[in-house]
Amino acid sequence: MIKGRHWLAIWLVALLAALWAVIARQTASLNAARALTDLRAQRAGLEGRRDELERRMRTAGSRAVLLPRAERLGLRLPADTEIILIPVSPPR
Amino acid sequence: MAKPAVRLGVVQIGLLAALAALVLRAAQVQLVEGRRHAAEAAAQRTERVVLEARRGMLSDRHGTALALTQETYHVGIAPNELRDPRGDAALLARRLRIAPRELDRALRRRYAWFAGPYTSLDVQPLRAVRGVHLEAVLRRFYPSAEFARAVIGRVGDDGLGASGLERLLDSLLSGTPGAAVVLKDRAGREYESPARVIAEPTPGDDVVLTLDAELQEIAQRALDDALDRMDAEGGDVVMLDPVTGEVLAVASRHRDGTARPSAFTETFEPGSLAKIFAAAALLEHNRVRATERVSGEGGSYRMAGRPTPLTDEHPLPSLTLADAIRVSSNIALAKFAARLEPDEQYETLRAFGVGAPTGIEFPAEAQGKLRLPREWTGPSSTSLAIGYELSVTPLQLAAAYGAIANDGVLLQPTLIREVRDPSGAVRYRHRPEPVRRAVSPQVAARLRDLLRGVVEAGGTGERAALANFQLAAKTGTARRVVEGRYAPGQYTASFAALFPADEPQIVVVMKIDNPQKGSYFAAQTAAPVTRSMLEQALAARTVALDRARLSNVAPTAERAPLEEPDGLVPYVVSVPYAPDSTSAQPARAVPDVTGRRLREAARTLHRRGFRVVVKGWGVVHHSWPAAGASAAAGSTVTLFAEPRP
């Protein structure tokens, strides 16, 4: 036969368990939120890095940069007489 | 002195009254004002925040990003929270690129705020610093700031498109913002708890433009170099794919430094570039034979009704129509054009799109000027034949020359190639959108032959000639209109070219305003610059040229026919901003334009391949043939209009 104080203990344990479950879930969600924030920041950082590298590649490959350097090396743009297009057979 | 029992009764009544007041007040607070107080409490504890949607990307036809959205940051610093104020300050000064003294001054305040915006690379080392608070904001970023700037436009401070395509495509690009609820403490600071997302933001659509980044760079550099070398006031270059109507490059530059898309928005008198349209009218109406000659009049000829004589720079004794185009003879063209009725001349110019906006997806496109024949004066017919008394934008000219390249079919030029949703699925893809047939395929072929002669020995466009590839082109040197008057000694040099002459792949229109150093003639200015651009395009790796077709063998890629056997357009698709909804129907029926304004109705019919005659003014009352009736392509639909009730 469960006495009154046992009931009290059971209720107390149940209450503590419920509180623990709530706190554990909140802690887990906070950790997940922090991890998510970190990942988002990482992704934004990587995207920013990619965009910056693309911009630098495009600038480096632009005619404004390449042509003066090529001219210093004695290179020049070909005239149309120097461009040979090899005829392609039509598909059968 | 009252008895104790009475005093006790009074106290009890007082207590009861106080208790009743408390109960009533509690009831008022809970029952009557409960909702309001609950809302106030929620507002103090929570805050609804807007989750910005990422704006869609603009890219060129090969996928090169032209405008994209990046996450950037504002930086807030709470000096009293810094663990190592001296070391942290040095790091902050370095990452935020702020002078140490200025940062020291800022850190003496309770809270320092730096708007930046700073990139994620800048702030990455600051994330671990206690006391540094980062606020993420989305910012529009243009990897090549000067790339087609006037066409692409910019977004305003509010994040919405403010000009150019950014403005026009704003509804597509901007996406839908989301919303979330965050928890706050008593001081109003957000808790570091997960936000409750009410609605996820939907990113905007990505738009692939028709521009070709490499051709664009070639055009911009060539224009810059030419304007600097010639000390010109400004200029424009338009490159167009005549088979699809796609604009491949568009560059505009002005001496005053303004970034105006003048290739779309500013008109000029094209001069000799318009002579080919007079030739088109003569050929279309069979008013001239190939061998027929007119006298060159020794280079000066006074026509009835004209106050000044017509002159030619390099007169020939006698000229055929081909000679007249080849040497750009004003006198011969004027004599030939005198055989045309005003209506015939007007209709041909209209058929090539003169005096009507092209319909490109760009805000504030200019429509140019072409007066009705009843408003012409005596010399108007001659003036129009040699490119005066009308005005066009460089884009209109490119579209009109594109029609000559495209077997006589005028296409609506476009800047939009594809629209993709955030998952990458294609929501819209451009298909060639015919406006109307300007001339028959046979006449278009004859016109290309005439233009081919311009680039041959003795032609005005000789300096544009390429050794291995045939070009069809026309030069134009016209007096320049400034503030409504011809400015003495000022000229506009322009050049239009179809490359190559057979099965043209690119139409180039170049215009140079008031070149002051060296010659002002297009033959010496715009023509050689165009040749240089074409040579660079040939040498480039990724430009939109089909080299298989260029290699002078039988075409390997079959061009999609623009017309079905009976001569009507195969389909007309709606572009995202399409002003009329009826054009998406593939049916050959006359569209119902009843109740529409005349301009809108005429435009709808033009896009379906019909010619339009207007009776009356106001809104359309009915048409003949009636709405829904079948009519052949190129036939005339008469609109009967009545004043708006």
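This note goes through chain B of a predicted model, point by point.

1. **Ground rules.** Residues are numbered from 1 along each chain as its sequence is written, while chains are lettered from A and ligands numbered from 1 in the order in which they are written. Because the model is predicted, local features need pLDDT of at least 70 and side-chain atom pairs count only at pLDDT 80 or more, whereas totals for chains, interfaces and linings use all residues.

2. **Confidence.** The model scores ipTM 0.73 and pTM 0.77. The mean pLDDT of chain B (the predictor's confidence in each residue, from 0 to 100) is 86. In chain B, 93% of residues reach 70 or more. Helix α16 (residues 394-405) of chain B has the highest confidence, at 97. The lowest is in α19(B), at a mean of 76. Over residues 553-587 of chain B the pLDDT is below 50.

3. **Overall form.** Chain B has 20 helices and 26 strands. Both are DSSP runs, numbered from the N terminus: helices are H or I, at least four residues, and strands are E, at least two. The radius of gyration of chain B, at 34 Å, is well over the 26 Å that the globule rule gives for 645 residues, so chain B is more spread out than a compact globule. That radius is taken over C-alpha atoms, and the rule is 2.2 Å times the number of residues to the power 0.38. The C-alpha atoms of chain B fill a box of roughly 140 × 65 × 50 Å, taken along the principal axes.

4. **Domains.** Chain B is divided into domain 1 (49-209), domain 2 (213-550) and domain 3 (582-642). These bounds come from an automatic or database domain assignment. The C-alpha centres of domains 1 and 2 of chain B lie 46 Å apart. Still, 20 residues of domain 1 of chain B are in contact (C-beta atoms, placed from the backbone, within 7 Å) with 21 residues of domain 2 of chain B. On the domain 1 side, α6 (149-152), α7 (164-168) and β8 (206-209) of chain B each give two or more residues.

5. **Chain A against chain B.** Here 33 residues of chain B are in contact with 29 residues of chain A. Elements of chain B that each supply at least two residues to this side include β3 (65-77) and α9 (213-230).

6. Which helix lies largely in the open? It is α2(B), because the number of its 12 residues that are buried is zero. A residue is buried if 20 or more other C-beta atoms lie within 10 Å of its own, exposed if 12 or fewer, and partly exposed in between, with C-beta atoms placed from the backbone. Across chain B, buried residues make up 44% of the 645 residues.

Definitions and conventions:
Two residues are in contact if their C-beta atoms, placed from the backbone, lie within 7 Å.
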